[in-house]
Amino acid sequence: MNMLTTRRAVLRIGAGALAAPFVLRPLPARASGPALPIPALVEPDAAGTVRLRMAGGRHSFVPGQSVPSAGINGAYLGPVVRLKAGGTATLAVENALPWHTTLHWHGLFVGSDLDGGPHNPIAPGQTWTPRVTIDQPPAMTWFHPHLHEDTARQAHLGLAGILIVADGRDRERGLPDSHGVDDLPLILQDRRALEGEAPYAPDALDFIHGFRGTHIAVNGAVRPTAAVPAAIVRLRFLNGANARNFLLRFADRRPLHVIASDGGFLARPAAVDTLVIAPGERFEALVDFSDGRPVELMTLPDDNGRFGSGVVDRLKAAVTEALAGEEPVMTFAPDPALKGGVASLPAGLDEPAGADPATASRRRRFVFDERVEANLKALQEAGVSAEQAGQMVDHSAHGAHAGRPMAAPAPAATAASLGITMAMAGEPFDMGRVDVEAKLGSTEIWELSTQEMAHPFHIHGASLRVISRNGQPPEPHLAGWKDVVLVDGKAEVLVRFDRPAAREKPFMFHCHILEHEDAGMMGQFVTV
Ligand code: C2O
Ligand code: CU
Ligand code: CU
């Protein structure tokens with residue numbers, strides 16, 4: 001099929017009711033690996049509605065093998081929803097799953113009554129229809145379930161998608177904007193099981209460190225190849241993994257020119273050699289493929305949680321071996337048949353106005369608390385062996401998961417069933433407890449600190465700017481408005497409370513390692 005025809009077809013389907021979430025594009029003859037699946041682009045229909053149907057299915061991450069999955073308008077992941085800045089849309093979310101769910105608009109500026117946090121569950125068979133007005137700068141946001149104590153499993157099954165706020169001015173900005181051609185959405189995830197019936201079977205260690213897999217998937221395909229024009233291409237990265245940090249870099253070290261982060265554009269492109277992206281975080285980067293050469297995008301080992309004293313040598317050796325070196329994420333293969341519209345980088349972009357830390361009305365402190373002592377005790381009571389429990393304290397042991405055979409799936413457990421609790425507001429999360437009252441429209445300085453490992457901080461209905469991490473000012477690509485920041489030690493962020501949250505439906509702030517969130521590393525705030 002001809003590229004343009006495919007793209008028009010995507011747009012046309014998108015205008016209708018339910019779009020198939022993925023359209024496969026043919027690869028140039030020389031490329032190897034599966035073609036990168038491109039999520040369909042969906043815009044509101046004539047009535048201003050976007051239909052999103054959450055349902056179960058089966059998905060193949062590699063040809064010939066499949067696992068149970070769930071998706072939005074399809075069997076795995078969802079479409080790219082594009083909403084116009086300043087516009088209004090009804091998001092009709094149908095729950096065709098056999099369990100309760102929610103759909104949270106991560107990064108969208110809407111009041112908590114319109115956001116699918118834990119206080120807005122959708123029962124099986126029901127449709128939830130928030131009507132949202134888009135009042136924020138252009139940005140790449142996303143959506144995923146947020147049900148109390150059941151977010152990690154649902155997200156891992158595939159319930160996630162990208163939501164782009166656009167103002168139609170990207171051509172004027174000199175940015176690539178042809179969806180699926182020179183503007184590619186890339187949802188990065190990792191998987192442990194590519195076949196069998198239990199794709200998400202976490203054990204005690206997974207709740208402690210977050211569930212990580214050994215296979216890296218992009219848009220639901222393992223190590224895919226994207227055909228790209230020999231030009232400048234816009235890559236929209238979303239880390240949609242439950243726990244893994246990606247440390248992206250090109251095999252030939254060509255730079256990634258970051259143009260936007262969670263909250264919108266940066267003032268100017270910021271070149272990086274390695275792009276670290278934590279769960280929930282987004283970056284848009286321009287990459288120059290005009291040399292016409294295929295190139296692999298790699299990720300460096302994510303050793304988060306692998307540290308500390310009392311290292312068991314034999315495990316350390318195994319882990320070091322398993323984690324040595326980078327691994328391929330995907331390949332970009334320039335195709336002379338594809339036309340790209342952009343040949344040079346923009347000099348500057350329209351960054352949304354900043355905010356002055358001097359205006360902050362107060363300071364608060366939060367600790368990402370793994371509650372190691374309490375959890376060890378709970379696990380021992382639950383019959384987890386001393387050896388396993390010991391490995392838990394020795395965080396380096398967890399990397400051994402990477403080489404663990406999948407033959408015997410771990411029993412399906414939840415943080416609650418194992419008695420594992422974590423906290424970030426002093427006590428583990430409680431739906432009925434409000435932890436923070438913030439003045440709507442105000443800014444505050446939040447001081448965040450970690451103990452045992454790095455944690456990605458995220459806040460709903462608010463934007464943040466990094467003031468410092470471990471005493472250092474943010475690198476240029478981390479200096480814009482964000483809603484996720486990876487904290488490893490101490491961070492100071494300036495939080496601006498953008499949208500209202502009444503007492504009946506508080507907003508959340510939490511660790512975006514989803515197992516930690518489910519275990520209670522989350523607090524609630526309301527605006528006053
Ligand atoms: Cu992306 Cu509270 O979540
Ligand atoms: Cu969120
Ligand atoms: Cu965490």
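**Note on loops, copper sites and salt bridges**

1. Asn470 is found in the loop between β29 (462-469) and β30 (484-487); strands here are DSSP runs of E of at least two residues, helices are runs of H or I of at least four, and both are numbered from the N terminus. Although Asn470 is not a glycine, its phi is positive, at about 50°. With a relative accessibility of 46%, Asn470 counts as partly exposed (buried is under 20% relative accessible area, exposed over 50%, partly exposed in between, with a 1.4 Å probe and protein chains only).

2. On the basis of the note: this is a predicted model, in which local features need pLDDT of at least 70 and side-chain atom pairs count only at pLDDT 80 or more, while totals for chains, interfaces and linings use all residues. Residues are numbered from 1 along each chain as its sequence is written, chains are lettered from A and ligands numbered from 1 in the order in which they are written, and side-chain values use heavy atoms, with hydrogens and water left out.

3. Arg371 also has a positive phi, near 50°, and is a residue other than glycine. Arg371 sits in the loop that runs between β25 (362-367) and α5 (372-381). Its relative accessible area is 23%, which makes Arg371 partly exposed.

4. Which residues coordinate the copper ion (ligand 2)? They are His104 and His458, each through NE2, at 1.9 Å. His104 belongs to strand β8 (residues 104-106) and His458 to strand β28 (residues 455-459), so the pair ties together parts of the sequence that are 354 residues apart. His104 is buried, at 1% relative accessible area, and His458 is buried at 1% relative accessibility. Donors are N, O and S atoms within 2.8 Å of the metal (3.2 Å for Na, K and Ca); because water is not among the atoms, sites may look incomplete.

5. Cys511 and His516 are both buried.

6. The count of salt bridges comes to 36, a salt bridge being a side-chain nitrogen of Lys or Arg within 4 Å of a carboxyl oxygen of Asp or Glu. One of them joins Asp262 to Arg282, with the closest N and O atoms 3.6 Å apart. This pair links distant parts of the chain, 20 residues apart: Asp262 is in the loop between β19 (256-261) and β20 (264-272), Arg282 in strand β22 (residues 282-288). Asp262 and Arg282 are buried.

7. Asp262 has a further partner in Lys482, where the closest N and O atoms are 3.0 Å apart. Lys482 is buried, as is Asp262. The loop between β29 and β30 is where Asn470 is found as well.

8. Glu444 and Arg364 meet through their side chains in a salt bridge of 2.6 Å, N to O. Glu444 is part of strand β27 (residues 443-449) and Arg364 of strand β25, so the pair connects parts that are 80 residues apart in sequence. Glu444 and Arg364 are both buried.

9. A network of salt bridges links Asp167, Arg169, Asp170, Glu172, Arg173, Asp183, Arg234, Arg236, Glu284 and Asp350.
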